[in-house]
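The following exercises concern one protein chain and are to be worked with its sequence and model at hand. Each task is followed by a solution in steps.

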Amino acid sequence: MTQHYDILYLGSGHGTFDGAIPLAQRGVHVGVIEAGLIGGTCPNRGCNAKIALDAPVALQRQLAALNPVLTGQTQLHWGANLAHKDAVIQPLPDMIGGLLTASGVDLIHGRGRLTDAHTVTVAGTAYTADKIVVATGLHAHRLAIPGQKWLHDSTDFLALPTLPAHLTIIGGGYIALEFATIANAAGSDVTLLLHGDQALRDFYQPFVRQVLDDLTARGVTVVTNTAVTAVTQTATGYQLATSTGTPVTTDWVLDATGRVPNTADLGLDEVGVAYTPAGITVNDHLQTSVPSIYAAGDVIDKSQPRLTPTAIFESTYLMHLFAGDTTAAIDYPAIPTVVFTSPRIAQVGVTVATAEQHPDQYTLVKNHIPDDWYRQVGQETSGDNVLIFDQAHHLVGATEVSAQAADVINTLLPAIVFQYGPAELERLVPLFPTIGASALGEL
Ligand SMILES: Cc1cc2nc3c(=O)[nH]c(=O)nc-3n(C[C@H](O)[C@H](O)[C@H](O)COP(=O)(O)OP(=O)(O)OC[C@H]3O[C@@H](n4cnc5c(N)ncnc54)[C@H](O)[C@@H]3O)c2cc1C
Ligand SMILES: NC(=O)c1ccc[n+]([C@@H]2O[C@H](COP(=O)([O-])OP(=O)(O)OC[C@H]3O[C@@H](n4cnc5c(N)ncnc54)[C@H](O)[C@@H]3O)[C@@H](O)[C@H]2O)c1
């Protein structure tokens, strides 16, 4: 007999499990189909794995900043760092799977394909549901060039047993800059190839410049306006042909030119689910063109950043919708984002670019981090932030480049999301002296 569910999820990442667990705990009959590791990208080959490798890098920078208060060399050992990352990451699929099954979710292992508006088939077995949620995420884009097979992606990098002496990274996004930071700190000679003249295009460019300058000062070669046209294997490594005519010789190539939605081989065309190259088309209830089929997480075609916080918010929204707590459209809060470079760049809400285009609506306040006595404690000698206020002097946006940018933006988040005015801010009395007090003290 065909197994029937109230809700059936395709994929088990944050777009699924943050909502599926509480939904099942409320007595809803939930099934989750997963083709790979339970938990999806973020825990297994994304955020968690990356931050485990980055933690010693950030600490190394912090210690170096305290020279000559603290002296002595710290050396990053790639093999030990990788082993530590694996020890932190490897239990996660079982842990997340355990939380799902303990809450009553049926886990179905295999690749799912929609066969009609209420059915998903896995290896010949049909599962039916009142509602289906497609949360299949993204996969790495590969440059369509001769020698494509020699290109690697972020998942390959996160499992490299030894770090290449020379690493070439193509792209100027999150992955390119974060992995350049980690590899450089571990002793690899890194070349970053940008096809345009900008990196991290959605961030405030003077702050991006600070990150690129810092990488350059640490020995990373940043090459702009250069497209890679072919890769060939040589006796000792690889050679990249480029649009400028200057070849690059290297030991390993990371193609970090973006990620594309997993919409192929899902049966979307057969069942009539509309999608574009940017992902599955949804309405303001995350419902696709087929009313019984919804989508969540990175696979959605959306303007919000494709991040774990966005996927968690969407998954939680669908839980409330399916449980009957709400019938309202999804109302995204300001979603913060951070690039884990060293220094970090973080931002939330109205961007500097938007604020500068509308001087009648916004006021910008610029702060230089080393001017704050608290930041001098950790000898932060560089860094800046911009706070953006509306005409009623509510904080509506913020961006910072500094070692502590992520914590600063997290601290400011409630003020932005809940539109705190002077009365509410007066009642927020953070621990002193802390980064929270430093951040809120600027408002
Ligand atoms: C290297 C890297 C670092 C990142 N770092 C950060 C970070 O620091 N902070 C942050 O906020 N975000 C980060 N992200 C982004 C974050 O990982 C994603 O936004 C998040 O994982 C999206 O969750 P999701 O559930 O939409 O998709 P995923 O987590 O990708 O889950 C989709 C799941 O669907 C499964 N699947 C696909 N097709 C099928 C099928 N047909 N049948 C069954 N299962 C299927 C896949 O196997 C996968 O497990 C990072 C991403 C990468 C690649
Ligand atoms: N800290 C974080 O939150 C974090 C970290 C890593 C990844 N992510 C997420 O993972 C996803 C993928 O990250 P990403 O860095 O791969 O993508 P991205 O979109 O951030 O960057 C892609 C880069 O590749 C460049 N590019 C595109 N086509 C190119 C071409 N043909 N030749 C050369 N360069 C080209 C772009 O200009 C851009 O610089 C994003 O959705 C991001 O949100 C987030």
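**Exercise 1. Determine whether Leu-200 is buried, exposed or partly exposed, and describe its backbone.**

Step 1. Leu-200 has 19 other C-beta atoms within 10 Å, so it is partly exposed. The cut-offs are as follows: a residue is buried if 20 or more other C-beta atoms lie within 10 Å of its own, exposed if 12 or fewer, and partly exposed in between, with C-beta atoms placed from the backbone.

Step 2. The model is predicted: local features need pLDDT of at least 70, side-chain atom pairs count only at pLDDT 80 or more, and totals for chains, interfaces and linings use all residues. Residues are numbered from 1 along each chain as its sequence is written, while chains are lettered from A and ligands numbered from 1 in the order in which they are written.

Step 3. Leu-200 lies in the loop between strand E10 (189-193) and helix H8 (205-217). Helices (H or I, at least four residues) and strands (E, at least two) are DSSP runs, numbered from the N terminus.

Step 4. Although Leu-200 is not a glycine, its phi is positive, near 40°.

**Exercise 2. Carry out the analysis for Leu-286.**

Step 1. Leu-286 counts as buried, because it has 22 C-beta neighbours inside 10 Å.

Step 2. Its phi is near 60°, a positive value in a residue other than glycine.

Step 3. The loop that holds Leu-286 runs between strand E18 (279-280) and strand E19 (293-295).

**Exercise 3. Describe the packing of H3 against H7.**

Step 1. Two packed helices are described by the angle between their axes and the distance between the axes.

Step 2. For helix H3 (residues 47-65) and helix H7 (residues 174-185), the angle is about 60° and the axes are 10 Å apart. Axes are lines fitted to C-alpha atoms, for helices over the stretch in contact, and angles run from 0 to 180 degrees between N-to-C directions.

Step 3. H3 and H7 are therefore oblique to each other; angles under 35 degrees count as roughly parallel, over 145 as roughly antiparallel, 65 to 115 as roughly perpendicular and the rest as oblique.

Step 4. Lys-50, Leu-53, Asp-54, Val-57 and Gln-60 of H3 meet Glu-178, Thr-181, Ile-182 and Ala-185 of H7. Contact requires C-beta atoms, placed from the backbone, to lie within 7 Å.

Step 5. By class, this contact of H3 with H7 comprises four nonpolar, two polar and three charged residues. Ala, Val, Leu, Ile, Met, Phe, Trp, Tyr, Cys and Pro count as nonpolar, Asp, Glu, Lys and Arg as charged, and the others, Gly among them, as polar.

**Exercise 4. Describe the packing of H1 against H5.**

Step 1. Helix H1 (residues 14-25) packs on helix H5 (residues 92-102) at about 35°, with axes 8 Å apart.

Step 2. Phe-17, Ala-20 and Ile-21 in H1 meet Ile-96, Leu-99 and Leu-100 in H5. The contact of H1 with H5 has six nonpolar, no polar and no charged residues.

**Exercise 5. Summarise the chain as a whole.**

Step 1. The protein chain has 15 helices and 24 strands.

Step 2. Of its 443 residues, 42% count as buried.

Terms used:
Two residues are in contact if their C-beta atoms, placed from the backbone, lie within 7 Å.
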